[in-house]
Every structure is written in structure tokens, then in C-alpha cells.
Amino acid sequence: MVGFYIDAIAAIILFGVGLYGVTSKSDFLKIFFSLEMLLNAVILLLASAAYHFGLTRGLAIAYVVIVIATLEAAAGVLIFILANRMTGEVIPDHLDKAVNDE
Amino acid sequence: MSVLILAIVIILAIMSLAQKNTVPAVLSFVLMMFLLGIYYILMDEKLLGLFQIFVYTGGIVVLTLFGVTIIGAKFPKFEIRPWAVSIVTIVIIGFLIVPFLLPSMPLGGKPIPLKDQVKIFTDFYAEIAVFMGVVAASVLYGSIRMLHTLKYGKE
């Protein structure tokens with residue numbers, strides 16, 4: 001039980017770091033990293049529940065989350081490169097300038 | 001051992017967001033994902049650990065490095081947003097309180113039979129519904145905000 005609490009606290013802190021990154025960072029790459037951290041916090045919690053409590057159904061959700069993270073990474077890098085071509089920067093807030101110029 | 005690995009994971013997560021240069025940030029991220037994969041393998045979740053290592057350190061990070069190498073981008077300056085700190089603090093405190101509010105699980109080291117696992121998940125249905133509602137509201141707000149910004153420009 002103690003082991004699960006250690007994992008849960010680590011997952012919550014990781015989730016907090018990711019949430020802080022999503023809300024405060026202003027470039028695509030760090031927002032992307034933060035989103036991956038959010039997903040990994042969930043995976044860590046599910047894996048820990050499967051190990052300590054035998055909740056093996058959570059592992060199926062964990063695999064689905066990993067697949068979604070892969071798709072999100074592919075789409076994220078695409079947007080990242082496209083935004084850089086449009087604006088010459090990696091800042092999502094400046095996308096509106098490029099849209100207005102066009 | 002597990003505490004040490006998880007502490008290093010959290011430190012690397014913070015480092016990957018705090019680094020100014022691109023490549024050290026990506027490398028911190030790689031190491032964090034690799035350590036998480038090792039941790040899953042130590043927890044007897046070998047398939048999940050291997051998935052983690054192959055997908056994250058082998059796929060996503062290489063893809064990211066490829067993108068970064070193509071555009072050669074540098075990170076912009078850090079912007080201080082105090083409301084972000086307050087949101088994160090509230091969320092962390094909220095999550096830390098939840099385990100104390102939950103009823104104790106029927107445990108004792110024994111694996112829970114598959115037919116009973118549904119009951120455990122449905123006991124927390126209300127909490128999950130509230131959490132998903134908050135996430136959905138955030139996504140909705142973000143989408144509307146982005147559409148507004150793209151249509152009318154930044155205020």
C-alpha cells in the first residue's frame with residue numbers, strides 16, 4: 001500500500017509539472033513535452049495500480065494511452081514544423097500574426 | 001530504489017522544461033522516459049516498460065529531434081504567468097486529498113478478481129465524471145479561445 005502511495009504522489013507531482021508546463025510555457029516543444037508528462041503520469045498510476053492491487057484492466061487503458069501519445073506526437077511535430085514555416089518561430093501565440101498576414 | 005528512480009524522473013521532468021537550449025531539454029526528456037520504462041520493468045510490467053522505451057525513447061523523441069534539427073529552433077524567453085502556479089497548486093492539493101476521501105480498498109496483497117474490478121471502478125465513477133468534465137471544459141475553452149484568436153487576432 002505504501003508503494004502505491006509513493007507512486008501516486010510521484011504521478012501527481014509529474015502531472016503537476018506537466019500542467020504547469022501546459023499553462024505557462026509559450027513554445028510548442030515544451031507544451032508538447034508537458035502533454036507527454038500528463039499522459040505519463042496517468043500511465044504510471046495505472047501501472048502502479050495493476051502491480052499493487054492487481055487491477056490488470058488498467059493496463060489495457062495504459063496501452064491505449066501510449067498509442068494516443070504516439071499519434072499526438074506525430075500530429076504535434078507536424079504542427080510544430082508547419083508553425084515554424086508560417087511564422088519562423090515556435091510560439092503558438094504568434095500564429096495569429098501569420099494568419100492575419102495571409 | 002523506487003523512490004530514487006521516481007525522484008530522478010521528477011527532477012528530469014522539471015529540467016526538461018527549465019532548459020533554455022533545445023537539445024539538452026530533449027535529452028532530459030529521453031532519460032526521463034527511459035527511467036520510467038525501467039521502473040515499469042522493475043514492477044513486473046515488462047511489456048508496458050518495453051512499450052514505453054520503444055515508443056517514447058525510440059519513436060517520439062527521435063521524431064522530435066528530427067523536427068528540431070530541421071528547423072533549428074531556439075526556445076523563446078520564459079513568460080511568468082502567476083495564475084498557472086495557482087492552478088497547479090490547487091490541482092496537486094486536490095489530487096493529494098482524494099486518497100484520504102476514498103474508502104479503503106479490499107486488499108491485503110491479493111490480486112482482485114477480474115469480476116470485482118468493475119465494482120472498484122464504478123465506485124469512483126462520480127470522481128471520474130467530475131474530472132472528465134473539468135478536462136472537457138478546459139478543452140472547450142481552449143478551442144474557443146484559439147478560434148477567436150485566429151479569427152480576430154490577439155487582443
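Helices here are DSSP runs of H or I at least four residues long, numbered from the N terminus. With that in hand, let's walk through this predicted model.

**Stop one: chain A.** Select chain A and colour by secondary structure. You will find four helices and zero strands, so the order of elements from the N terminus reads α-α-α-α. Now colour by burial: 51% of the 102 residues count as buried.

**Stop two: a helix pair in chain B.** Move to chain B and select helix H1 (residues 2-18) together with helix H2 (residues 22-42). Their axes come within 8 Å and cross at roughly 155°. Angles over 145 degrees count as roughly antiparallel, which is why H1(B) is described that way relative to H2(B). The crossing is left-handed.

Next, show the side chains at the contact. From H1(B), pick residues including B:Ile5, B:Val9 and B:Leu12; from H2(B), B:Phe29, B:Met32 and B:Leu36 are among them. Colouring the residues of this H1(B)–H2(B) contact by type gives 14 nonpolar, three polar and no charged.

**Stop three: B:Gly58.** Finally, select B:Gly58, which sits in helix H3 (residues 46-71) of chain B.

Conventions: Residues are numbered from 1 along each chain as its sequence is written. Chains are lettered from A and ligands numbered from 1 in the order in which they are written. This is a predicted model: local features need pLDDT of at least 70, side-chain atom pairs count only at pLDDT 80 or more; totals for chains, interfaces and linings use all residues. Helices (H or I, at least four residues) and strands (E, at least two) are DSSP runs, numbered from the N terminus. A residue is buried if 20 or more other C-beta atoms lie within 10 Å of its own, exposed if 12 or fewer, and partly exposed in between; C-beta atoms are placed from the backbone. Axes are lines fitted to C-alpha atoms, for helices over the stretch in contact, and angles run from 0 to 180 degrees between N-to-C directions. Angles under 35 degrees count as roughly parallel, over 145 as roughly antiparallel, 65 to 115 as roughly perpendicular and the rest as oblique. A crossing is left-handed if the near helix is turned anticlockwise from the far one by less than a right angle, and right-handed if clockwise. Two residues are in contact if their C-beta atoms, placed from the backbone, lie within 7 Å. Ala, Val, Leu, Ile, Met, Phe, Trp, Tyr, Cys and Pro count as nonpolar, Asp, Glu, Lys and Arg as charged, and the others, Gly among them, as polar.
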